[in-house]
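Some notes for your reading of the model follow. Please go through them with the coordinates open.

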Amino acid sequence: MFVDTHAHIYSEEFAEDIEDVIARAKNAGAVGVLLPVTDEASDSAAVALCQHHADFLYPMIGLHPEDIPADYKEVLCRMERKLQKHHPYVAVGEVGLDFYWDTSMKKEQKDVFCTQVEWSLKYHLPLMIHSRSAHRELVECLLPYAKEKELCGVFHCFTGSKDEAEELLDMFPSFYLGIGGVVTFKKSSLPQVLADSVPLNRIVLETDSPYMAPVPYRGKRNEPSFIPGIISRLADTYHVIPEEVEGITTRNAVGLFKLKEHTGSN
């Protein structure tokens, strides 16, 4: 069994066969799929889908660094109002910093990110953090909050170096690294980084569907049912049986996102 902690299956890429996608995920062993959002429109789509699949799909809320509009302060206010009453969200995400294509909005990205970090502390929710070409700035933004006991979450789609992995895990002890399809790529250095520096109990699984499909589906639309291939590669990396990867990463995800509280199970 497994939890896919990051899947955008509410997106238009799944409009034609979403029920089949969910059925395949369950048949593959999924016990939960978490849906990060990027803006207000995707928030509405994710929540609507989750309402139809309660106790299996779980939404997050957040403003992605690549989707910051001119009126972002008003957007953030509207989003926060949803957190001020009874809500279905299991995390604040997908949030973070991305300077890969464009650095013109560094100030705004940092402002939006820090606001949402404060939400996570105020409303007792973990963070789902996106970071691309922004490792140093990300650490600098998080450092002022590092001593807060409530600060926790996932560094989504981690593909960094050994030094970056060690820095993130050491400085932010209640965070996990989100590991997805990249770990299966032939030329990826990620398996060695994980083996050298990252304990299995600091990992959660993810697909980032519909993106970043693992081998042998690379180049195709990704979906949660592809997670077993990631589990197999991690089992090889850590020299354990797949069931150990499943058990540890599922416990990590259930504990971090408090999924039992949301399902009401014991």
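1. E166 is partly exposed at 27% relative accessibility. K162 is partly exposed too, at 35%. Cut-offs: buried is under 20% relative accessible area, exposed over 50%, partly exposed in between, with a 1.4 Å probe and protein chains only. Helices (H or I, at least four residues) and strands (E, at least two) are DSSP runs, numbered from the N terminus.

2. This is a predicted model: local features need pLDDT of at least 70, side-chain atom pairs count only at pLDDT 80 or more, and totals for chains, interfaces and linings use all residues. Residues are numbered from 1 along each chain as its sequence is written, and side-chain values use heavy atoms, with hydrogens and water left out.

3. Which residues of α6 are buried? In this helix, residues 162-171, they are A165, E167, L168 and L169. Their cover includes α5 (135-142), β6 (153-155), β7 (175-179) and α7 (190-197).

4. The whole structure has 12 salt bridges. One of them joins R24 and E223, with the closest N and O atoms 2.8 Å apart. This pair links distant parts of the chain: R24 sits in helix α1 (residues 18-28), E223 in the loop between β8 and α8, 199 residues apart. R24 counts as partly exposed at 34%, while E223 is buried at 4%.

5. R132 and E66 form another salt bridge, at 3.3 Å between the closest N and O atoms. Again distant parts of the chain are linked: R132 is in strand β5, E66 in the loop between β3 (57-59) and α3 (72-83), 66 residues apart. R132 is partly exposed at 29%, and E66 is partly exposed at 43%.

6. Check E206, in the loop between β8 (203-205) and α8 (227-238). E206 is buried yet has no salt bridge; R132, the nearest side chain of opposite charge, is 12 Å away. What does the side chain of E206 meet in a polar contact? The partner is the side chain of H156, at 2.8 Å. Such a contact is a pair of N or O atoms within 3.5 Å; within protein, one must be able to donate a hydrogen and the other to accept it, and residues adjacent in sequence count only if both atoms are side-chain atoms.

7. The loop between β8 and α8 also holds P210 and P216. The S209 to P210 peptide bond is cis, with omega near 10 degrees. The V215 to P216 bond is cis as well, with omega near 10 degrees. D208 lies in this loop and has a positive phi of about 60 degrees although it is not a glycine. D208 is buried at 10%.

8. There are 5 aromatic pairs. The rings of F172 and F175 have centres 6.1 Å apart and planes at 70 degrees, so they are edge-to-face. Rings of Phe, Tyr and Trp (its six-membered ring) pair if their centres lie within 6.5 Å; planes under 30 degrees apart are stacked, over 60 edge-to-face, the rest tilted. F172 is buried at 1%, and F175 is buried at 0%. Ring pairs link F155, F172 and F175 into a cluster.

Key:
Lys and Arg count as positive and Asp and Glu as negative; His and the chain ends are not counted. A salt bridge is a side-chain nitrogen of Lys or Arg within 4 Å of a carboxyl oxygen of Asp or Glu. Contact means heavy atoms within 4.5 Å.
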